[in-house]
Amino acid sequence: MNQLKEKFAEKAGQLAAEIKTIIKENGDQEVGKVNIAQIYGGMRGVKALVTETSSLDPEEGIRFRGYSIPELREKLPKAPGGVEPLPEGLFYLMLVGELPTEEEVQMISAEFAKRVQEVPDHVFKTLDGLPVDMHPMTQFSIGILSMQTESRFAKAYREGISKKDYWDPTFEDVITLLAGAPRVAAYIYNRKYRDNQQIGPDPNLDWAANFAHMLGFDSDRFKRLMRLYLTIHADHEGGNVSAHTTHLVGSALSDAYLSYTSGMNGLAGPLHGLANQEVIRWILEMKDALGGGMPTKEQIANYVKATLEAGKVIPGYGHAVLRKPDPRYVAQMEFAKEVMPDDELVNIVWMIYDVVPPILQATGKVKNPWPNVDAHSGSLLVQHGMQEYDFYTVLFGVSRALGVLASLCWDRALGLPIERPKSVTTDWVKHTVEESKAEQFFTD
Ligand code: CMX
């Protein structure tokens, strides 16, 4: 792990110096304007954050350090005999900006497999004290938060660490958290859905395969699905709720555990990561309402319209930035076309893709009528035997840890300050509008 740490420190040092020069020489340069619709409209399109790990193009979708999802599936190292990338490799790429070698990925897998043993006992005791019917995302957040006792950053800060070294214990916290997150998640799953029959980690498995194993899914196909799933959900630049929240809370020098769980509480919202469980719930409700079996496109269209008329959203459709079908959806569709082309639920998901976009388009207000990542993921999990859809967002959360925590390392290494944008009141807005009208009057 020291090798990765040294490489990261070297890259971070270079970028920190570059940024210093950029700010010194160009600090006054404007990069955009903000209008009133944007400050009331969830800050869409406002460029106000720097995130190094990935960047989202509205037409093209996500690129991780410049690599698209198809490129990652081709270029990142794979498990022996495997066909999907190892998510550890994506973590390396996001952290240092270079594609890793197989040995470099193996080193991370081995470190995760070692540190997964370090989840302290009190984390499991904490989880045991929670009502078993508590939502798995709430349990996950509490479980990871209770690991905060292990924070090396919090300890180092209390002991008076110098600013320039913040990144080092943060890096260590990030590795420990990433190693432990699948174990905490699997513990919740087995306690809630499998009569508390817990399965310990296997030190010989890669991160995703070990997660599958601890969840009780040992088939090669489920391991393949987990590697793909944990890769494609890892990051979506910095402005989404889970990434932005992790970054924001981290900016107060809250450690990795505090920051990441804050992000997870945002991922648990139905407009963000929880949409994946909502998609399956909505499809199953539709099937029930239509008497079971395979619906027709016309029946789906009517159900979609009824959902909209009831003032609800169609889960899994739309996006704040994307304006095309999500490449993460496409990657899952390709996977399904290869391994389960005849599955009924998957075929319903594809029929919904044919039906929903024109209906959303016809509303005249939905900016992106296309499916997002959450429209497909649940159907793959159901088909592989994981039926408990309330758990799906936890899988998303484990994956999202890779991106938001790689970013947290960067935040500390670059010495980014506490975040504190300016808020205004509606009186201020009204006054500003009046002032500008008066100015316009005198200019005309
Ligand atoms: N179904 C119905 N209406 C939708 C819609 C959908 N799937 N997507 C957007 N709209 C509506 C919005 O609610 C909004 O309506 P109002 O003007 O009445 O408030 C209008 O269309 C304009 O919204 P937008 O600018 O197109 O979308 P936003 O950037 O405001 O919101 C998102 C983006 C994802 C929250 C929204 O598309 C949505 O609610 N989708 C369904 C939930 C979902 O799938 N979320 C997962 C996103 C991916 C993730 O983070 O995991």
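Is E111 buried or exposed? At 12% relative accessibility, under the 20% cut-off, E111 counts as buried. The model on display is a predicted one, and the tour below starts from this residue.

**Stop 1: helix α5**

Select E111 together with K114. Both residues belong to helix α5, which spans residues 102–115, and they are three residues apart, about one turn of the helix. An α-helix has 3.6 residues a turn, so residues three or four places apart point the same way. The side chains of K114 and E111 form a salt bridge in which the closest N and O atoms are 3.7 Å apart. K114 is exposed, with a relative accessible area of 51%, whereas E111 is buried.

**Stop 2**

Next, display R281 and D390. A salt bridge joins their side chains, at 3.7 Å from N to O. This pair links distant parts of the chain: R281 sits in helix α14 (residues 275–289), while D390 sits in the loop between α18 (374–383) and α19 (392–413), 109 residues away. R281 is partly exposed, with a relative accessible area of 26%; D390, at 24% relative accessibility, also counts as partly exposed. Now select K5, E111, K114, R115, R152, D168 and E172: salt bridges with shared partners join these residues into one network.

**Stop 3: from the β1–β2 loop to the α15–α16 loop**

Which residue forms a salt bridge with E59? Select K324: the closest N and O atoms of this pair are 3.0 Å apart. E59 lies in the loop between β1 (54–57) and β2 (61–64) and K324 in the loop between α15 and α16, so the bridge ties together parts that are 265 residues apart in sequence. Both ends are partly exposed, E59 with a relative accessible area of 45% and K324 with 36%. In total, the structure holds 26 salt bridges.

Remain in the loop between α15 (297–309) and α16 (327–339), and select A320, which is also placed there. At 40% relative accessibility, A320 counts as partly exposed.

**Stop 4: N368**

Move to N368, in the loop between α17 and α18. N368 is buried, with a relative accessible area of 1%. Leaving aside residues up to four places away in sequence, N368 touches G318, H319, L322, R323 and K324. K324 is the residue that forms the salt bridge with E59.

**Stop 5: helix α18 and its surroundings**

Highlight α18. This helix is mostly covered, with nine of its ten residues buried. The buried residues are D374, A375, H376, S377, G378, S379, L380, L381 and V382. They pack against α11, α14, α16, α17 (344–363) and α19. Just after the helix, G385 takes a positive phi of about 100°.

Two packed helices are described by the angle between their axes and the distance between the axes. The axes of α11 and α18 come within 11 Å and cross at roughly 165°. With angles over 145 degrees counting as roughly antiparallel, α11 and α18 are therefore roughly antiparallel to each other. The crossing of α11 past α18 is left-handed. Show side chains for R221, F222, L225, M226 and Y229 of α11, and for S377, L380, L381 and Q383 of α18, which make the contact. By type, the contact residues divide into six nonpolar, two polar and one charged.

**Stop 6: helices α7 and α9**

Finally, select helix α7 (residues 136–146) and helix α9 (residues 167–193). How do their axes cross, and at roughly what angle? The axes come within 10 Å and cross at roughly 135°. The two helices are therefore oblique to each other, and α7 passes α9 in a right-handed crossing. On the α7 side, the contact is made by P136, Q139, F140, G143 and I144; on the α9 side, by L177, A181, V184, A185, I188, R191, K192 and Y193. Colouring this contact by residue type gives nine nonpolar, two polar and two charged residues.

Conventions:
Residues numbered from 1 in each chain as written. Predicted model: local features only at pLDDT ≥ 70, side-chain atom pairs only at ≥ 80, totals over all residues. Heavy atoms only, no water. Helix = DSSP H or I, 4+ residues; strand = E, 2+ residues; numbered from the N terminus. Buried < 20%, exposed > 50% of the residue type's maximum accessible area, 1.4 Å probe, protein only. Salt bridge = Lys/Arg side-chain N within 4 Å of Asp/Glu carboxyl O. Axes fitted to C-alpha atoms, helices over the stretch in contact; angles between N-to-C directions. Parallel < 35°, antiparallel > 145°, perpendicular 65-115°, else oblique. Left-handed = near helix turned anticlockwise from the far one by under 90°. Contact = heavy atoms within 4.5 Å. Nonpolar A, V, L, I, M, F, W, Y, C, P; charged D, E, K, R; others polar.
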